[in-house]
Amino acid sequence: FKPDLVGVSCMFSQTHASTVAVVNEIKRLYPKQAVALGGVHITNCLVSEKLSAPLLKDLQPADFFFTYESEIALKEFTQIVNKKSEITNLAQVYFNSCDEKPYFSKKMTPVLPDELNVVPAQDLMNISELSDHGTIGSFYCLREDGTKFSTVLANRGCRARCTFCSVRNFNGDGVRSRSVQSVIDELKHLKKDHGVTHVMWLDDDFLNGHERAMDLFQEMVRQDVGMTWDCTNGVIAASCTDELMAAAAASGCLGFNIGMESGNTKILREIKKPGKVETFLRAAEVLRKYEQIN
């Protein structure tokens with residue numbers, strides 16, 4: 001086994017076909033290169049008896065699958081490969097390239113502050129070049145041409161329990177947050193070192209915790225981050241208070257989606273949405289005051 005590893009993340013089931021194509025191309029170009037896959041789609045399929053068989057069939061060339069939030073498990077895996085850790089520490093990894101196909105289900109998901117307050121290694125991703133080859137989010141048309149953009153994750157998980165959603169299956173119960181300053185540091189790094197002036201928040205519950213959200217927006221202004229942002233993933237309508245929306249607008253918000261799903265009270269109750277029709281209407285009244293927030 002060569003200790004060089006190519007990692008591929010498959011976030012959504014809609015990108016399954018393109019993920020298969022990417023893995024096949026990597027193996028065509030570098031047949032001896034080890035390939036590891038992870039992400040929400042991979043996890044949901046592997047833990048389902050019904051879905052795991054077609055996943056394994058389509059992704060036969062992949063050597064390893066990592067489930068759930070696996071940055072700690074992947075780091076430990078590389079330590080084991082390099083004989084710097086014990087094999088008993090294998091976690092959240094499925095061996096796809098051997099006959100037995102063992103799965104080590106022990107979890108090592110990030111919980112502690114020093115595990116969450118990590119700025120990604122954007123230097124390895126050519127962040128400043130990505131904007132030249134595509135776009136992301138629902139509000140790209142509101143940015144000026146040539147804008148460099150990126151994504152940032154401030155919270156993991158969601159307070160809601162919507163029946164149709166897999167966030168809790170992947171992230172677990174509740175919400176874990178990075179420190180506000182670690183998020184600010186990442187934004188400053190993106191702007192200073194990569195020329196990024198717009199970010200899309202990847203959070204599933206970006207406005208979780210009124211005081212924390214207020215602190216983030218106020219610090220973005222106080223520390224002169226100088227960015228615009230959007231939240232395409234969506235926010236919970238109950239969090240759209242006048243105070244918080246004023247702070248969001250001041251910090252550079254261009255727009256966000258609100259997860260409504262239905263205007264039918266019965267359906268909202270059945271799918272356990274954390275809001276009623278009245279909640280959405282109250283949010284609309286607040287947002288009418290802030291025309292810059294789409």
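I began at S179, which sits in the loop between β8 (175–177) and α8. The model I am reading is a predicted one. Is S179 buried, exposed or partly exposed? At 32% relative accessibility, S179 counts as partly exposed. I then looked for its partners. Setting aside neighbours within four places in sequence, S179 touches N117 and R212. I also checked P113. P113 lies 66 residues from S179 along the chain, and the two C-alpha atoms are 7.7 Å apart.

**Entry: α8 against α9**

R212 is one of the α9 residues in contact with α8. At what angle do α8 and α9 pack? I found about 35°, with the axes 10 Å apart. The crossing of α8 past α9 is right-handed. From α8, the contact uses V180, V183, I184 and L187. From α9, R212, D215, L216, E219 and M220 take part. I sorted the residues of this contact by type. Six are nonpolar, none is polar and three are charged.

I stayed on α8 for one more residue. K188 belongs to helix α8. Its relative accessibility is 35%, so K188 counts as partly exposed. Q223 is 35 residues from K188 in sequence, yet their C-alpha atoms are 9.2 Å apart in space.

**Entry: α9 against α10**

Next I followed α9 to its contact with α10. How do the axes of α9 and α10 run relative to each other? They come within 8 Å and cross at roughly 25°. The two helices are therefore roughly parallel to each other. I noted the handedness too: α9 passes α10 in a left-handed crossing. On the α9 side I listed H210, A213, M214, F217, M220 and V221. On the α10 side I listed E243, L244, A247, A248, A250 and S251. By type, the residues of this contact are nine nonpolar, two polar and one charged.

**Entry: the cores**

F217 came up again when I looked at the nonpolar cores. Which residues have the most contacts inside the largest core? They are W201, F206, F217 and W229, in a core of 39 residues. I wrote down the elements that give two or more residues to this core. They are α8 (180–194), β9 (196–201), α9 (210–222), β10 (228–235), α10 (242–251), β11 (253–258) and α12 (277–287). A second, separate core has 15 residues, including V23, V35, L46 and A62.

I took W229 by itself. What does W229 contact, leaving aside neighbours within four places in sequence? Its partners include W201, F206 and F217.

**Entry: two positive phi values**

Last, I turned to the backbone. Most residues other than glycine have a negative phi. I noted two residues with positive values here. D224 has a phi near 50°. D224 is in the loop between α9 and β10. With a relative accessible area of 63%, D224 is exposed.

Where is K83? I found K83 in the loop between α4 (71–81) and β4 (93–95). The phi of K83 is positive, near 60°. K83 is exposed as well, and its relative accessible area is 77%.

Technical notes:
Residues are numbered from 1 along each chain as its sequence is written. This is a predicted model: local features need pLDDT of at least 70, side-chain atom pairs count only at pLDDT 80 or more; totals for chains, interfaces and linings use all residues. Side-chain values use heavy atoms; hydrogens and water are left out. A nonpolar core is a set of buried Ala, Val, Leu, Ile, Met, Phe, Trp, Tyr and Cys residues joined through side-chain atoms within 4.5 Å. Buried means under 20% relative accessible area, exposed over 50%, partly exposed in between (1.4 Å probe, protein chains only). Helices (H or I, at least four residues) and strands (E, at least two) are DSSP runs, numbered from the N terminus. Contact means heavy atoms within 4.5 Å. Axes are lines fitted to C-alpha atoms, for helices over the stretch in contact, and angles run from 0 to 180 degrees between N-to-C directions. Angles under 35 degrees count as roughly parallel, over 145 as roughly antiparallel, 65 to 115 as roughly perpendicular and the rest as oblique. A crossing is left-handed if the near helix is turned anticlockwise from the far one by less than a right angle, and right-handed if clockwise. Ala, Val, Leu, Ile, Met, Phe, Trp, Tyr, Cys and Pro count as nonpolar, Asp, Glu, Lys and Arg as charged, and the others, Gly among them, as polar.
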